[in-house]
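Please read it with the coordinates open beside you.

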Amino acid sequence: MTQRVHRALVVGSSYGDDDRRQQAIDTLSREGVEMHFAASQHEAGVWLCENNPSVVLIDLTLEDGSPLAVANFCSYRRPDARVVLRGCGRLFTDGSIFALIDNVHALVADHTTEDDLSALLSFHASAPRDGVAQKDGAVFEPHLSARPAGLAPPVGRVPV
């Protein structure tokens, strides 16, 4: 059985220079996570329209565009993708970000090391989607039997 490849999008400068990026790419590829990078809000939006990531890491200090716009767009366009926000300082320390954007699963400090970020991305990339089990690329929702009669399942999902 082949291991499923998960996609991760990193928006901003969370991995700094090319050497650290390559090290993260190598580390995560061994764990079945394919990394992609976007330097701006626009680049991230285009990538999200064309790809379906398992996890998106967004640097809150994004210089070209709004990091919250990227997170909001990800919530709209890719609701099953887990969003990890980095670089918060004192912003959102009350946890309000979790109420603002549906698929934010973690908020980490800007001094979080690249190794810890990679471990976090690996964990969230391979974690089951919220209430949705995945097997061999197909998506199964066991709770669909509880749907009211005549209500169609969500588009792109296979009921069991």
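1. Which residue takes a positive phi just after helix 1? Gly32 does, with a phi of about 85 degrees. Helix 1 itself has 13 residues and reaches 19 Å from its first C-alpha to its last, close to the 18 Å expected at 1.5 Å a residue, where the expected span is 1.5 Å times one less than the number of residues.

2. A word on the basis of the values: this is a predicted model, in which local features need pLDDT of at least 70 and side-chain atom pairs count only at pLDDT 80 or more, while totals for chains, interfaces and linings use all residues. Residues are numbered from 1 along each chain as its sequence is written, and side-chain values use heavy atoms, with hydrogens and water left out.

3. On the overall layout, the chain holds 5 helices and 8 strands, and along the sequence these follow the pattern β-α-β-α-β-α-β-α-β-α-β-β-β. Of the 160 residues in the chain, 40% are buried, a term that stands for under 20% relative accessible area, with exposed meaning over 50% and partly exposed lying in between (1.4 Å probe, protein chains only). Taking contact as heavy atoms within 4.5 Å, 63% of the contacts between residues at least 6 apart in sequence join residues at least 24 apart.

4. Helix 2 (residues 41-50) and helix 3 (residues 67-77) have axes that come within 10 Å and cross at roughly 10 degrees; axes here are lines fitted to C-alpha atoms, for helices over the stretch in contact, and angles run from 0 to 180 degrees between N-to-C directions. The two helices are therefore roughly parallel to each other, since angles under 35 degrees are given that label, those over 145 count as roughly antiparallel, those from 65 to 115 as roughly perpendicular, and the rest as oblique. Helix 2 contributes Gln41, Ala44, Gly45, Leu48 and Cys49 to the contact, and helix 3 contributes Ala69, Val70, Phe73, Cys74 and Arg77.

5. Cys49 is partly exposed, at a relative accessible area of 35%, whereas Cys74 is buried, at 0%. With a disulfide taken as a pair of cysteine sulfur atoms within 2.5 Å, the count comes to 0 disulfides.

6. Helix 5 (residues 114-126) has 13 residues and reaches 18 Å between its first and last C-alpha, close to the 18 Å expected at 1.5 Å a residue. Its buried residues are Glu114, Leu117, Ser118, Leu121, Ser122, His124 and Ala125, and these pack against strand 1 (6-11), helix 1 (18-30), strand 2 (33-38), strand 3 (55-59), strand 4 (82-86) and strand 5 (104-108).

7. Asp59 belongs to strand 3 and is buried, at 5% relative accessibility. Leaving aside neighbours within four places in sequence, Asp59 is in contact with Val11, Gly12, Ser13, Ser14, Pro67 and Arg86; the C-alpha atoms of Asp59 and Ser14 are 6.1 Å apart, although the two residues are separated by 45 residues along the chain. Leu60, in the loop between strand 3 and helix 3, is also buried, with a relative accessible area of 15%, and the C-alpha distance from Leu60 to Asp110, 50 residues apart in sequence, is 8.7 Å.

8. Arg78 sits in the loop between helix 3 and strand 4 and counts as buried at 17% relative accessibility. Beyond its neighbours within four places in sequence, Arg78 is in contact with Leu48, Cys49, Glu50, Asn51, Asn52, Pro53, Phe73 and Asn103.

9. Leu100, in helix 4 (residues 97-100), is exposed at 55% relative accessibility. The C-alpha atoms of Leu100 and Ala71, 29 residues apart in sequence, are 9.8 Å apart in space.

Definitions and conventions
Helices (H or I, at least four residues) and strands (E, at least two) are DSSP runs, numbered from the N terminus.
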